[in-house]
Amino acid sequence: MQIPQIRMESTFAQLGLQVRKPVQEIKQPQAEMNLSQKPAELTIEQARTELQIDSSQARANIGIMTSMQFSDKNAAYGEEKWLQAIAEKSQEGDRLMRIYTKENAIAAIGREKGLRVLEGGYRPPATSNDEGVDVSIQVKPVVINVKRNGMSINPVTRPPELSYTPGKVEPYMIQYNSLKIDVVGSQMDQLM
């Protein structure tokens, strides 16, 4: 006796997924840096240098004098000669007073005065080493002023630009499930 057999053949369902990835874009516009530098101010002040030349002594050395210098020089010369004459007369008096020395003082004094007159004459004034010119220079320092005007910064910032495209998942059926049943070995009606 043949026993009927039931054969079952099934297939599983297969589900497919179509995935679109999300896209996120970020753009950063460049910021603007506005810098401005004001020029510095530089001022330089130079005071005049003072130069003084005094040549009055040099002129006096060569005989060119002002009336005041001429008067002073003559007064000094007169005083000098006056003091020399007093000293000379005093010495002559002392020599004449010493009669105990048996010197012929009158003849000796007369001879000395005569020789002095022969030796005398014009004597130019002695020249000085510095020629009598006084030069003085007064140098004044340079004054430098620097004024810094600074720098200004005006930045312009821009926010980032964002764009987002969301992702999407779409399912679809690759294969549907199925069940197939067969009966083998019997004369049964195949009714399902």
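Glu 170 is partly exposed, because its relative accessible area of 31% falls between the limits for buried (under 20%) and exposed (over 50%), as computed with a 1.4 Å probe and protein chains only. The side chain of Glu 170 meets that of Lys 168 in a salt bridge of 3.4 Å, N to O, the term denoting a side-chain nitrogen of Lys or Arg within 4 Å of a carboxyl oxygen of Asp or Glu. Lys 168 likewise counts as partly exposed, at 41% relative accessibility. The model is a predicted one, in which local features need pLDDT of at least 70 and side-chain atom pairs count only at pLDDT 80 or more, whereas totals for chains, interfaces and linings use all residues. Residues are numbered from 1 along each chain as its sequence is written, and side-chain values use heavy atoms, with hydrogens and water left out.

In the whole structure, 7 salt bridges are found. One of them joins Lys 140 to Glu 50, with the closest N and O atoms 3.3 Å apart. Lys 140 lies in the loop between β7 (134–138) and β8 (142–147) and Glu 50 in strand β6 (residues 50–54), so this pair ties together parts that are 90 residues apart in sequence; strands (E, at least two residues) and helices (H or I, at least four) are DSSP runs, numbered from the N terminus.

A further salt bridge, at 3.7 Å from N to O, is formed by the side chains of Glu 92 and Lys 89, both of which lie in helix α2 (residues 67–97), 3 residues apart, or about one turn of the helix. Glu 92 is buried, with a relative accessible area of 13%, and a network of salt bridges links Lys 89, Glu 92 and Lys 113.
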